[in-house]
Amino acid sequence: MNNQSMWSLKFSTAALVLIPVAVGINYIGKFIAGVLKLPLWLDSIGTVLAAMLGGPIVGALAGAINNIIYGFTDPISFVYAITSVAIGLAVGILFYKGFISGWGKAMVAGLIIGLVATVVSTPLNIGFWGGQTGNVWGDALFAFILANTDSTWLASLLDELVVDVPDKLLVVLISYGIYKGLPRNFVQLYNNNDKVETLD
Amino acid sequence: MKSISLFVERESFVHGIDPITKLYYILFAIIIPIILPSFTISAICLGTSIILLIFAKVMRKTLPVYSFVFFVLITVVIIQGLFKPGNETVLLQLGPVAMYKEGLQFALTIVFRVTNIVSAFMILVLTTKPSDLVEALVRKGMSPRIGYVIVSVFQIIPEMMTTMSTIMDAQRSRGMETEGKLLVRIKAFIPLLGPVVLGSLINTKERAMALEVRGFNSRNPKTYLNEEKTYPNSRFIQAVMLVLTVCAVAWRMFL
């Protein structure tokens, strides 16, 4: 693991080409979750994989571009681009620090990333929807807490938490599984100290 | 292959406005109700966007997006009307449930805010070809490499969806169940996702090499395939929006 190049803004072609594929994987993940009627979104697998392979900057870029492109099919997702950027950054940092190196650690990382996503999304939910997420179960909890306490922030935070943490936990575990299944010579493409073979 | 963007090809003056001006319009439609927070101003902004959408002849395409947004907004109205902290004045009593005035007013603010932002974005999304927008941004100084990344997403997703449906048929023919209990459906997720993801990731290696051979990393200034389009009205529209914003700030400060 090379820490020096973690924040490098010089992207190799391989890292740039990874971004559209990451967006595609996010899209496919969401599509399959829809076909199988799973109660989660599972729409950030690509962002997480891009961050694992290319580092935090590529992850963040993949997250941002992902939501901008989704915005062309559903304008609401423009607003949540910040959340995707935060997910990409968080995964990239954790992974490059060598934190995600086994199934147990990947679970902890999944919880951390779920929390990061919750903390970033909550102010967006409050500003945009008055605190709700649009997920039936989360919003039922939101109504319940709002009826029993006086805090919109608490209600909104928990609303997002119950939806986001299980989702991101599963996403990180799936991505880690896929990462482990990738051929080594492919992973090596992203891991050689900022130097990509060019055909000069 | 089905395109993923919502763009609709039509002849209208909204389609003829340049993409950068439409971006400014989104900013304009978000900022004005923040500077002047009143229902009248929000309604005027929303009305303007809807009139533009009607002129662009894309109103029918907006319905799925609006219906999703309204579904969530109805729950906002109900929850805020019933439970918002600070609810005091009862407006409507239905047996044991009471709708409160403060909550409903707050919910109305949110309804206006959300529909306003969504409508402004839809003007951009429904009347602008994604590649035109990217080209306009690259001409304004965005990195052409990032431009390539954005445009290629619109090619890669339909490609991956085709692979996806092949794989889904293949796995079903081997007896994989995609319906039934939650656990059965969760188990089906990996065999569906795995092959597409691994395949497309490994393809990136070839794509990267193909691009480098064609001078993707070259430092020479890039040329464009299409000639630059000229948009006669964009200066004027941008100026009008700027003047209106300045007027709004002045109104807020002095009146």
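This is a predicted model: local features need pLDDT of at least 70, side-chain atom pairs count only at pLDDT 80 or more; totals for chains, interfaces and linings use all residues.
1. Axes here are lines fitted to C-alpha atoms, for helices over the stretch in contact, and angles run from 0 to 180 degrees between N-to-C directions. Helices (H or I, at least four residues) and strands (E, at least two) are DSSP runs, numbered from the N terminus. On those terms, helix 6 (residues 136-148) and helix 7 (residues 152-181) of chain A pack at about 155°, their axes 8 Å apart. Helix 6 of chain A and helix 7 of chain A are therefore roughly antiparallel; angles over 145 degrees count as such, under 35 as roughly parallel, 65 to 115 as roughly perpendicular and the rest as oblique.

2. Residues are numbered from 1 along each chain as its sequence is written, and chains are lettered from A and ligands numbered from 1 in the order in which they are written.

3. The contact between helix 6 and helix 7 of chain A includes A:Trp137, A:Phe142 and A:Leu146 from helix 6 and A:Leu154, A:Asp159 and A:Val163 from helix 7 (two residues are in contact if their C-beta atoms, placed from the backbone, lie within 7 Å). By class, the residues of this contact are 10 nonpolar, three polar and three charged. Ala, Val, Leu, Ile, Met, Phe, Trp, Tyr, Cys and Pro count as nonpolar, Asp, Glu, Lys and Arg as charged, and the others, Gly among them, as polar.

4. Helix 2 (residues 45-54) and helix 3 (residues 56-70) of chain A have axes that come within 7 Å and cross at roughly 155°. Helix 2 of chain A is therefore roughly antiparallel to helix 3 of chain A, and the crossing is right-handed. Among the contacting residues are A:Gly46, A:Ala50 and A:Gly54 of helix 2 and A:Gly59, A:Ala62 and A:Asn66 of helix 3. The residues of this contact divide into five nonpolar, six polar and no charged.

5. In chain B, the axes of helix 1 (residues 19-35) and helix 4 come within 8 Å and cross at roughly 170°. That makes helix 1 of chain B roughly antiparallel to helix 4 of chain B. The contact includes B:Lys22, B:Ile26 and B:Pro33 of helix 1 and B:Arg113, B:Ala120 and B:Leu124 of helix 4. Its residues are 11 nonpolar, one polar and two charged.

6. The domain assignment (bounds come from an automatic or database assignment) gives chain B a domain 1 (19-129 + 229-254) and a domain 2 (143-213). The C-alpha centres of domain 1 and domain 2 of chain B are 37 Å apart.

7. The contact between the chains takes 47 residues from chain A and 52 residues from chain B. On the chain B side, helix 3 (59-83), helix 4 (101-127), helix 6 (144-173) and helix 7 (182-213) each supply at least two residues. Helix 7 of chain B gives the most, with 20 residues. The chain B side has 38 nonpolar, nine polar and five charged residues.

8. The unreviewed UniProt entry for chain A places "transmembrane region" at residues 6-28, 40-65, 77-96 and 108-128. UniProt positions are given in the numbering used here, feature names are shortened, and annotations may be inferred rather than shown by experiment. Residues 6-28 of chain A are 70% helix and 0% strand, with end C-alpha atoms 28 Å apart. Residues 77-96 of chain A are 80% helix and 0% strand, and their end C-alpha atoms also lie 28 Å apart.

Terms used: A crossing is left-handed if the near helix is turned anticlockwise from the far one by less than a right angle, and right-handed if clockwise.
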